[in-house]
Amino acid sequence: MTEIFGVPIQALFGQLTIGLVNGCFYALLSLGLAVIFGMLNIVNFAHGALYMVGAFFSWMLLNYAGVNYWFSLLLAPIGVAIIGIVIERTMLKWLYQLDHLYGLLLTFGLALVLEGAFRHYYGSSGQPYDLPEVFRGPIDLGFMMLPKYRAWVVIASLLVCFATWYVIEKTKLGAYLRAGTENPKLVQAFGINVPLMVTLTYAFGVGLAGLAGVMAAPVYLVAPTMGSSIIIVVFAVVVIGGMGSILGSIVTGLMLGLIEGMTKVYYPEASTTVVFVIMAIVLMVRPAGLFGKEK
Amino acid sequence: MKRKLMSIAVAAAMTGFAAMAQAQQGKLSDDVLKIGVLSDMSGVYADFGGPGAVLAAKMAVEDFGGKMFGKTIEVISADHQNKPDVAKNVTQQWFDRDKVDATFENLNSGVALAVSALGAEKNRITVITGAATSRLTNEDCKPGTTIHWVYDTISLANVTGKAVVKAGGDSWFFLTADYAFGHSLEKDTGEVVKATGGKVLGAVRHPLATTDFSSFLLQAQASKAKVVGLANAGGDTINSIKAAAEFGLTKNQNLAALLMLVTDVHALGLNTAQGLYLSEGWYWDTNDETRAFAKRFEARNNGKKPNMNQVGVYSAVAHYLKAVQAAGSDDTAAVRKKMGEAPINDVFAKNGKLREDGRMVHDMYLFQVKKPSESKGPWDYYNLKGTVKGEEAFQSMAASRCPQFAKKG
């Protein structure tokens with residue numbers, strides 16, 4: 001069998017495929033962060049907590065109301081978006097004129113509160129969420145058995161990422177959004193309700209986190225700490241991609257998933273650190289990130 | 001006003017008398033008996049020990065009567081966040097400033113090794129329940145002060161490891177948490193596997209609190225080992241098992257969860273967990289006594305049953321208090337001596353014995369997780385498959401690598 005640095009090529013392909021799946025989760029989460037940062041200038045540290053809330057909503061819908069996976073794929077993100085609207089309307093909107101640091105502190109505090117509340121009621125060891133029936137079992141790709149559910153995650157998140165990118169970069173609504181963040185006063189003068197648009201953008205951004213949470217529920221542990229363990233990596237992704245760059249966050253998310261997958265083959269102990277090493281290197285060479293614009 | 005002064009004077013006099021009365025029964029240094037419970041209160045292991053462990057310690061104090069030689073027994077607690085340096089700072093403060101006489105729980109092997117060394121240096125009883133590394137009674141033993149109460153990596157290996165090899169699982173690949181605990185568990189289980197006639201094909205080490213295990217499982221799959229041994233704990237074990245089921249690993253290979261507790265099974269759900277073999281030192285549905293304790297406990301713990309670690313804290317605190325009473329003082333050497341003399345007979349252990357190396361020896365159980373159809377409801381998870389006598393489950397004194405007891409030559 002052909003080998004690359006002592007690893008059979010089949011095994012390498014398998015690892016890369018898995019890296020792609022993880023990359024999709026990163027992309028989905030960092031996309032929401034990038035949208036929020038790009039449009040609102042808020043560093044949303046509550047993103048991981050809202051991802052966790054999305055997963056828990058999906059679990060609650062199943063266990064308390066008997067709502068299946070497909071409906072919670074729609075309902076849970078809406079629930080998270082509503083929480084987002086409340087947060088934006090009651091707290092965040094007072095901070096737009098202030099330093100980034102205030103938004104960061106507020107959202108970080110919110111993350112701790114949400115995590116603490118869920119831990120108090122549900123404990124730290126998490127809740128089970130079974131795979132939907134149609135996704136049980138793997139697909140044979142020749143070089144590996146890929147679980148059907150993971151294939152679905154790749155397809156669904158790529159679709160969502162592409163749609164978001166398209167709406168923001170290529171449609172009129174997206175143009176309003178981008179203009180609104182450049183010069184809110186002028187856009188308001190054209191009769192567009194900028195505050196409403198900002199609220200909805202935040203709701204959409206955190207809704208994406210909620211969606212990622214629902215998708216993660218069957219494969220990862222639904223636990224209060226699930227957000228904090230992934231959010232740090234996701235922030236690294238956003239920083240590497242360039243704060244606020246939508247395309248950057250998608251591409252970097254996928255890329256880092258792949259690199260992490262490779263690290264798990266060659267030097268598993270470093271698999272959680274490699275992302276930050278890359279971040280440090282990128283920041284030294286291109287401080288605005290790979291896809292960011294220098295201001 | 002006068003009357004108020006009067007009553008204060010009377011009260012003061014009475015306390016004085018009370019103090020004199022106590023002086024005859026026993027003596028406490030610093031005039032207080034204070035117990036510290038150090039655990040992970042908010043992280044991945046918070047359900048393993050955490051607030052439940054503090055509750056268990058408080059219940060032990062309440063059941064004892066709440067007072068020692070007439071003085072109220074105090075229980076304080078802190079969160080070590082799974083960081084040995086934080087644990088060390090807190091414990092140091094407890095000993096130097098807060099007059100803490102003994103610390104309990106101390107889960108996480110990294111934490112346990114740090115506070116065990118500190119306890120020896122400051123000469124305070126350090127009871128470890130939640131941490132598993134066998135180094136605590138071997139290479140890093142502190143026989144005068146450190147006590148290892150509930151289980152260790154050797155007992156897990158001896159119970160689960162042996163049972164799996166005997167059932168035909170003779171080639172192993174390990175998935176190991178990359179810190180003191182995982183390394184110990186991998187090493188001890190590997191030795192048992194080899195001694196029982198099996199072989200170890202390899203291992204992959206993952207960082208603590210990894211979310212995605214699929215790529216590690218692919219490596220385990222490629223090893224073609226019959227058994228994939230999970231030398232990790234808590235959320236890591238749960239995520240490994242979930243991913244293994246998803247990737248179809250369980251079709252050709254078997255999983256052995258080396259450290260898995262009833263709280264983990266609860267988090268995993270019976271659909272995924274069914275059929276797993278695991279070893280525990282305590283299960284709530286064993287007899288009337290354990291069921292009654294669990295009922296009392298869960299009423300004060302958000303409806304969650306106690307696990308072996310939390311009951312271990314209860315048992316250790318209760319035994320410590322009895323020893324202080326028997327010794328008539330809280331002097332470390334005297335209390336430690338009494339703790340070793342009396343057998344441990346309580347809701348946690350029957351005929352348990354605290355050895356001179358600090359190991360508490362008691363029976364361990366081999367359980368198999370029930371099928372969903374066998375379970376009568378939440379928390380009804382285990383079928384008992386065997387009881388392993390304490391002497392067989394734990395390392396013998398003759399095999400000890402503790403410098404004070406190791407056989408020379």
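Chain B puts 36 residues in contact with 31 residues of chain A. The model is predicted. Its scores are ipTM 0.75 and pTM 0.80.

**The interface, from the side of chain B**

Several elements of chain B each supply at least two residues of the side that touches chain A: strand 8 (199-206), helix 7 (214-222), helix 8 (234-246), helix 10 (262-268) and helix 11 (270-273). Which element of chain B gives the most to this side? Helix 8 of chain B does, with six residues. By class, the side of chain B that touches chain A holds 16 polar, twelve nonpolar and eight charged residues.

**The two chains**

Chain A has eleven helices and four strands. Its radius of gyration is 19 Å, close to the 19 Å that the globule rule gives for 295 residues, so chain A is as compact as a globular protein of that length. The C-alpha trace of chain A spans about 65 × 50 × 35 Å along its principal axes.

Chain B has 15 helices and 15 strands. Its radius of gyration is 22 Å, close to the 22 Å from the globule rule for 409 residues, so chain B too is as compact as a globular protein of that length. Along its principal axes, the C-alpha trace of chain B spans about 85 × 55 × 35 Å.

**Confidence**

Mean pLDDT is 88 for chain A, where 97% of residues reach 70 or more. Among the elements of chain A, helix 3 (residues 69-90) has the highest mean pLDDT, 95. Strand 1 (residues 3-4) of chain A has the lowest, 68.

Mean pLDDT is 90 for chain B, where 93% of residues reach 70 or more. Where does pLDDT stay under 50 in chain B? That stretch is residues 17-24 of chain B. For these residues the model has four contacts beyond four places in sequence.

**Helix packing**

| Helix pair | Angle | Axis distance |
|---|---|---|
| Helix 5 (residues 148-170) and helix 6 (residues 172-182), chain A | about 70° | 5 Å |
| Helix 9 (residues 226-241) and helix 10 (residues 246-266), chain A | about 125° | 8 Å |
| Helix 3 (residues 84-96) and helix 4 (residues 109-122), chain B | roughly 30° | within 8 Å |

Take helix 5 and helix 6 of chain A, which pack at an angle of about 70°. That angle makes helix 5 of chain A roughly perpendicular to helix 6 of chain A. Helix 5 of chain A brings Val167(A), Ile168(A), Glu169(A) and Lys170(A) to the contact. Helix 6 of chain A meets them with Leu173(A), Gly174(A) and Leu177(A). The residues of this contact divide into four nonpolar, one polar and two charged.

Next come helix 9 and helix 10 of chain A, packed at about 125°. That makes helix 9 of chain A oblique to helix 10 of chain A. The crossing of helix 9 of chain A with helix 10 of chain A is right-handed. From helix 9 of chain A, the contact uses Val237(A), Val238(A), Ile240(A) and Gly241(A). From helix 10 of chain A, it uses Gly248(A), Ser249(A), Val251(A), Thr252(A), Gly253(A) and Leu256(A). How many residues of the contact between helix 9 and helix 10 of chain A are nonpolar, polar and charged? The contact has five nonpolar, five polar and no charged residues.

In chain B, the axes of helix 3 and helix 4 cross at roughly 30°. Helix 3 of chain B and helix 4 of chain B are therefore roughly parallel to each other. Their crossing is right-handed. Pro84(B), Ala87(B), Lys88(B), Thr91(B), Gln92(B) and Phe95(B) form the side of helix 3 of chain B in this contact. Facing them in helix 4 of chain B are Gly110(B), Val111(B), Ala114(B), Val115(B), Leu118(B) and Lys122(B). The contact of helix 3 of chain B with helix 4 of chain B divides into seven nonpolar, three polar and two charged residues.

How values were computed. Residues are numbered from 1 along each chain as its sequence is written. Chains are lettered from A and ligands numbered from 1 in the order in which they are written. This is a predicted model: local features need pLDDT of at least 70, side-chain atom pairs count only at pLDDT 80 or more; totals for chains, interfaces and linings use all residues. Axes are lines fitted to C-alpha atoms, for helices over the stretch in contact, and angles run from 0 to 180 degrees between N-to-C directions. Angles under 35 degrees count as roughly parallel, over 145 as roughly antiparallel, 65 to 115 as roughly perpendicular and the rest as oblique. Two residues are in contact if their C-beta atoms, placed from the backbone, lie within 7 Å. Ala, Val, Leu, Ile, Met, Phe, Trp, Tyr, Cys and Pro count as nonpolar, Asp, Glu, Lys and Arg as charged, and the others, Gly among them, as polar. A crossing is left-handed if the near helix is turned anticlockwise from the far one by less than a right angle, and right-handed if clockwise. pLDDT is the predictor's confidence in each residue, from 0 to 100. The radius of gyration is taken over C-alpha atoms; the globule rule is 2.2 Å times the number of residues to the power 0.38.
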